[in-house]
Amino acid sequence: MIDTVAFDADDTLWHNEHLFQDTQKALEAIVQRYRPGEDIHDALFTVEMKNLALFGYGIKGFTLSMVEAAIQITGCRITAEDIHEIVGLGKAMMEAPVDLLDDVERTLDAVKGRFRVILITKGDIVDQTSKIERSGLAGHFEQVEIVPRKDAGVYHAIFQRHGIAPERTVMVGNSMPSDVLPILELGGHGVHVPYALLWAHEAHDEDPESERFHRLERLGELPGLLERLRGGQG
């Protein structure tokens, strides 16, 4: 019997990836002052991937990677003034309003009280804590876990700590590698709710072959899915 529903946060409950893509465009405009027409996407992504082990996920690490990439691309010609502007882009991301996706509050209201509801999100603890508080959604969750990465080992540790059985758990999120595949590995249900924008690092080409994998077009369909799963289990 399903008794626990876990949610991802960024691009599952509120919009997030557009901030990174819009900021990348602003960075590109700065870099093009030195190299007109330069496409920075690949160079920035390479720096981000190299820095993940050091800085982790989130805006702070992204800001440091933007600075490093700008220095590399411009051959160290970028000025302190322009680097200061890049840092300002990162600060603006940290202060951006939290814009909830459609159906989020209604869905959480429908699930709360009928299931144990928790939040599992990866990223910088200061940034994620701030977004959770500003979203107004904190009261919907019995537990909130902010982790540096998401894999089966991390989920297993969370579930053990809170006395949660993975096989009775549904994990809901927009990322196949971070939200769906780990819970399937542990014997639970993974629900993929695609988001219009996706960071290349989270891309995954093939759907998992599992009867415990589910895809929804929008989060508002989740209560119906949970009812079907509960009914199918008696």
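Ile 120 sits opposite Glu 145 of strand β3, in a model that is predicted, not experimental. Strand β2 (residues 116–122) and β3 run parallel and are joined by 5 bridges; two strands count as paired if DSSP finds at least two bridges between them. Residues are numbered from 1 along each chain as its sequence is written. In this predicted model, local features need pLDDT of at least 70 and side-chain atom pairs pLDDT 80 or more, while totals for chains, interfaces and linings use all residues, and side-chain values use heavy atoms, leaving out hydrogens and water.

**Strands β2 and β3**
- Going from β2 to β3, the chain passes through α6, and this β-α-β crossover is right-handed (with the strands pointing away from the viewer, the path from the first strand over the helix to the second runs clockwise).
- Helices (H or I, at least four residues) and strands (E, at least two) are DSSP runs, numbered from the N terminus.
- Strand β3 spans residues 143–147, with Gln 143, Glu 145 and Val 147 on its covered face and Val 144 and Ile 146 on its uncovered one.
- In a regular strand, side chains alternate between the two faces of the sheet.

**Thr 23 in helix α1**
- Thr 23 belongs to helix α1 (residues 17–31).
- Its relative accessibility is 8%, so Thr 23 counts as buried (under 20% relative accessible area, with a 1.4 Å probe and protein chains only; exposed is over 50%, partly exposed in between).
- Beyond its neighbours within four places in sequence, Thr 23 is in contact with Phe 62, Met 66, Leu 89 and Met 93, where contact means heavy atoms within 4.5 Å.

**Helix α8**
- Helix α8 (residues 176–185) is largely enclosed by the rest of the structure, because 7 of its 10 residues are buried.
- Those buried residues are Met 176, Ser 178, Asp 179, Val 180, Pro 182, Ile 183 and Leu 184.
- Their cover includes β2, α7 (152–162), β4 (169–173), β5 (189–192) and β6 (213–215).

**The cavity**
- Searching the whole structure turns up 1 cavity of 30 Å³ or more (a set of points on a 1 Å grid over the protein atoms alone where a 1.4 Å probe fits but cannot get out; lining residues have an atom within 4 Å of a point).
- The largest cavity holds about 70 Å³ of space, a volume being the space filled by probe spheres set on the points, which are joined across faces, edges and corners.
- Of its 13 lining residues, Asn 16, Leu 19, Ala 96, Pro 97 and Lys 131 are the closest to its centre.
- Helix α6 gives the most to this lining, with 3 residues.

Technical notes:
On a 1 Å grid over the protein atoms alone, a cavity is a set of points where a 1.4 Å probe fits but cannot get out, and a pocket is an open set with protein on both sides within 12 Å along at least five of seven lines; lining residues have an atom within 4 Å of a point.
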